[in-house]
Amino acid sequence: MKNIENGGTNSNVKSGSRTDSAVDFGHVSVKKVNSMARPLIEWFLGCQRKHLPWRKTKDPYRIWISELMLQQTRVEQAIPYYRRFLKAFPTLPRLAMANQSAVLKVWEGLGYYRRAKYAHEAARIVLKDYRGKLPNNYDDLRALPGFGPYTAAAVMSIAYGKPYAALDGNASRVLSRLFILQEDPTTADAKRRRTEILQGMMRGSDPSTFTQALIELGALLCSPRSPRCSECPIQESCSAFRYLPDPAVLPIRKERKKKPHYNVSAGILERDGRILLKKRPNTGLLANFWEFPGGKQLANRSREETCRIRFKSETGIEIRITDKICVVKHEFTHFRITVHFYTVACQKSPSPKGTARWIRKGSLKRLPFNLVSKAGLEAYERKK
Ligand code: SF4
């Protein structure tokens, strides 16, 4: 990449209460920075995805739920969940008063379940301390469970129209290219710099529309691998377009560490119309979700032996394997698993120990399952 870091023009405009002289806009003049918002917003008003349900509201509660769901999730996947969630909990007080299991059930399949747990906890606090209305104040939002800098700034700008810079992956990528920012965008310094730049850019425009427009530009045109620069409304101001043979080289991507992989064996035990399930602890990964007893592959043991031993240690019940049902692969944030599901049988209907419970089959649909256990259960039902 051609290094043009030293060719930039610094600015000395005011942004809110701070001076923009500290902000390095790289190779782009302050005049151009200030003139970007208008074509960006005009493009957004004409080309945005109008079918996205959260575009039709300014209700802070709904904006918050959409922002939570869109973290780590594709837009098209999030839409049905968003509709289902708001049908079940149309207002913040309704969410606060629901039980956690019902909230997890509606979130089931969307992944990153801590988001649902935090939403529920935050809703309870807001109902108690703010009469059920999300606070119109950045610091108060940040104090709520699950409100990181992005979520708080997104609610402040999109719902409340306040000039807070919401820096998500899309916005960060666009900024990396507009200003040729060559540092790793995931570092704290890089985020601080991008946030300052964003605040400078949004000065004088409607924060709600500006924030959505920049994120939409990243999603629709300034994509990670093949930006569509010929259609871009701010192409003229874009340094990467002007100076680089391929803007897609930015942002600089860190080499990803290979995730560790684990084999897991799990047993499905049914007796007298009931299935044995185990509830996960109420903290940590997949907290409070239900799953089939089993566990990680034991050294020097076959998968079937692992299933028998792990099943017994989790439930206290001796089993024998009767059939193999399916293999389900899944990737979590920090590791990958391959789960081998078996049907298993036992002598009597003993009482299980720990958090294992016999659950009537008719009640299964009310319990929250993670994607892997759900896939195992569906394969079991198909095979019967
Ligand atoms: S011109 Fe290309 S690289 Fe620059 S912001 Fe637009 S789409 Fe992204």
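1. Domain layout. The centres of domain 1 and domain 2, taken over C-alpha atoms, are 39 Å apart. This is a predicted model. The domain assignment of the protein chain places domain 1 at 5-249 and domain 2 at 261-383. Where the two touch, domain 1 supplies nine residues and domain 2 supplies nine residues. On the side of domain 1 that touches domain 2, helix H5 gives the most, with four residues. By class, that side of domain 1 holds two nonpolar, four polar and three charged residues.

2. H5 against H6. H5 covers residues 100-107, and helix H6 covers residues 114-129. Their axes come within 9 Å and cross at roughly 140°. The cut-off for roughly antiparallel is over 145 degrees. That is why H5 counts as oblique to H6. The crossing of the two helices is right-handed. H5 contributes Gln100, Val103, Leu104 and Trp107 to the contact. From H6 come Ala116, Lys117 and His120. By class, the residues of this contact are four nonpolar, two polar and one charged.

3. H2 against H3. Helix H2 runs over residues 60-70 and helix H3 over residues 75-88. The axes of H2 and H3 come within 9 Å, with a crossing angle of roughly 140°. H2 is therefore oblique to H3. H2 passes H3 in a right-handed crossing. On the H2 side, the contact residues are Arg62, Ile65, Ser66, Met69 and Leu70. They meet Val75, Ala78, Tyr81, Tyr82, Phe85 and Leu86 of H3. Nine residues of this contact are nonpolar, one is polar and one is charged.

4. H9 against H10. Here the angle is roughly 85°, and the axes of H9 and helix H10 (residues 188-202) come within 10 Å. H9 and H10 are therefore roughly perpendicular to each other. Ala171, Ser172 and Leu175 of H9 meet Arg194, Ile197 and Leu198 of H10. The contact of H9 with H10 has four nonpolar residues, one polar and one charged.

5. Around the ligand. There are 14 residues around the ligand. The nearest of them are Cys222, Cys229, Cys232, Cys238 and Pro247. Two elements give two or more residues to this shell: helix H9 (169-178) and helix H12 (239-243). H9 has the largest share, with three residues. By class, the shell has twelve nonpolar residues, one polar and one charged.

6. A cis peptide bond. Leu250 and Pro251 are joined by a cis peptide bond. Its omega is about -5°. Pro251 lies in the loop between H12 and strand E3 (261-271).

7. A positive phi. Leu286 is not a glycine, yet its phi is positive, about 55°. Where does Leu286 sit? Leu286 is in the loop between strand E4 (274-279) and strand E5 (290-291).

8. Points to check on screen. Begin with the cysteines around the ligand, among them Cys222 and Cys229. Next, follow the chain to the cis peptide bond between Leu250 and Pro251. Finish at Leu286, with its positive phi of about 55°.

Conventions:
Residues numbered from 1 in each chain as written. Predicted model: local features only at pLDDT ≥ 70, side-chain atom pairs only at ≥ 80, totals over all residues. Near = placed C-beta within 6 Å. Nonpolar A, V, L, I, M, F, W, Y, C, P; charged D, E, K, R; others polar. Axes fitted to C-alpha atoms, helices over the stretch in contact; angles between N-to-C directions. Parallel < 35°, antiparallel > 145°, perpendicular 65-115°, else oblique. Left-handed = near helix turned anticlockwise from the far one by under 90°. Contact = placed C-beta atoms within 7 Å. Domains from an automatic or database assignment.
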